[in-house]
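Dear colleague,

I am passing on the structure below for your files. My findings follow it.

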2 protein chains.
Amino acid sequence: MKIVFASGNKGKLREAAEIFEGFEIVPISAFPAWTAPDENGSTFLQNAVIKAEAAAKAAEGQIVLADDSGLVVPALNGAPGIFSARFSAEGTDAANRKKLLAELSGAGDRSAYFLCTAVLIFPDKTVIAAEGRCCGKIIGTERGENGFGYDPVFVPDGYEKTLAELSEGEKNAISHRGKAFRKLISRAVDLAVITE
Amino acid sequence: MKIVFASGNKGKLREAAEIFEGFEIVPISAFPAWTAPDENGSTFLQNAVIKAEAAAKAAEGQIVLADDSGLVVPALNGAPGIFSARFSAEGTDAANRKKLLAELSGAGDRSAYFLCTAVLIFPDKTVIAAEGRCCGKIIGTERGENGFGYDPVFVPDGYEKTLAELSEGEKNAISHRGKAFRKLISRAVDLAVITE
């Protein structure tokens, strides 16, 4: 069974392909009608829905998957949150991490969590969404080469390694996106809108 | 089982109470933390999600229901659509109907459909949404005293009466909101997140 994923992020596509095992994950870029929408929602769910609806329009008749994810840091009043990918002026992973470490320098509370809201839209317009979290803390220097985004500065609770030091399989087992995706699959199977 | 409905519209509340038989439908106004959000989404689903999330915040720990509904008229390029409740400058039901009839005067194609997107958010942030449609046509003069909104000028396919001439029970059996709500209940039961 085919699922069209509203993302061009190679890291997310790999993560989805590994977790949605048995499904064919097709990037939305395969559909010429696709244009990335303006993610102007004010929550993760709203942005995920905006992406999913844009993908459903471009890939009519297909099951579409979209997610919106980010890092939430209580000591920064929830920032970067939905602005995680565009936290710094440059908007690159490296610049975003640099800004995060600068803003957290000297902070007593370095706890943080990744949050992912994942959405499936079916051809009959039924929608299911689920949330996944990965709790941990932000360390002071980058470590590891895997993953993307804030992974090199995030150490999950119960681990010594950063997310970027874990293998893809280890990360998917505990990541916010992994949890949200697995919850979504299980809900979809319950609904019998997906058959495994 | 209690469901908090993110609406202050008495007509919708009655419709929900009749369809969600066996559930206690609580208006969101019962929660002092509630403030109606800015419905600035660009689709029915986005606006329904905006309302549902605002309600979930005000009524933490509760199951919340929200919907966004409107009339879609192909001859008017889909208008009034998500702007159905604020189609006219006055924004009253009577003024909205008057504007609709004026814009459709002389139109060859008077077909139209009501669309409802209904959303449930559960305490664990699982979201289910479903869509319902009621197809029919817009007549030239108002008829009937029941219902609200555009009901007095809308004759459903297969009927001679307007929605405003039908009883509440008859309307709920065929209405867009009735269909979306029933689909939502059935999905929620499949998911075992609601027990009837």
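This is a predicted model: local features need pLDDT of at least 70, side-chain atom pairs count only at pLDDT 80 or more; totals for chains, interfaces and linings use all residues.

Residues are numbered from 1 along each chain as its sequence is written, chains are lettered from A and ligands numbered from 1 in the order in which they are written, and side-chain values use heavy atoms, with hydrogens and water left out.

Nonpolar cores. A nonpolar core is taken here as a set of buried Ala, Val, Leu, Ile, Met, Phe, Trp, Tyr and Cys residues joined through side-chain atoms within 4.5 Å. Buried stands for under 20% relative accessible area, exposed for over 50%, and partly exposed for what lies in between (1.4 Å probe, protein chains only). The largest such core has 44 residues, and A:Leu65 and B:Leu65 have the most contacts inside it. A second, separate core holds 38 residues, including A:Phe31, A:Leu45 and B:Ile28. Contact means heavy atoms within 4.5 Å. Not counting residues up to four places away in sequence, A:Leu65 touches several residues, among them A:Ile3, A:Phe20, A:Leu120 and A:Phe181.

Strands of chain A. Helices (H or I, at least four residues) and strands (E, at least two) are DSSP runs, numbered from the N terminus. Two strands pair if DSSP finds at least two bridges between them. In chain A, β1 (residues 2-5) and β2 (residues 24-27) pair in the parallel sense over 4 bridges, and A:Val4 stands opposite A:Val26. Together with helix α1 (residues 10-19), these strands of chain A make a right-handed β-α-β unit; right-handed means that, with the strands pointing away from the viewer, the path from the first strand over the helix to the second runs clockwise.

Helix α1 of chain B. Buried residues of this helix (residues 10-19) include B:Gly11, B:Leu13, B:Ala16 and B:Ile19. Their cover includes β1 (2-5), α2 (44-58), β3 (63-72) and α5 (176-190) of chain B. B:Asn9 caps the N-terminal end, with a side-chain oxygen 3.0 Å from the backbone nitrogen of B:Lys12. B:Lys12 is itself buried, at a relative accessible area of 12%. Its side chain makes a polar contact with the side chain of B:Asp67 (3.1 Å). A polar contact is a pair of N or O atoms within 3.5 Å; within protein, one must be able to donate a hydrogen and the other to accept it, and residues adjacent in sequence count only if both atoms are side-chain atoms.

Salt bridges. A salt bridge is a side-chain nitrogen of Lys or Arg within 4 Å of a carboxyl oxygen of Asp or Glu. A:Asp124 forms one with B:Arg187, the closest N and O atoms being 3.0 Å apart. A:Asp124 lies in the loop between β4 (111-121) and β5 (127-138) of chain A and B:Arg187 in helix α5 of chain B, so the pair joins two chains. A:Asp124 is partly exposed, at 33% relative accessibility, whereas B:Arg187 is buried at 12%. A:Arg187 likewise forms a salt bridge with B:Asp124, with the closest N and O atoms 3.0 Å apart.

Within chain B, B:Arg97 forms a salt bridge with B:Glu142. B:Arg97 lies in helix α3 (residues 93-104) and B:Glu142 in the loop between β5 and β6 (154-156), so the pair ties together parts that are 45 residues apart in sequence.

Yours sincerely
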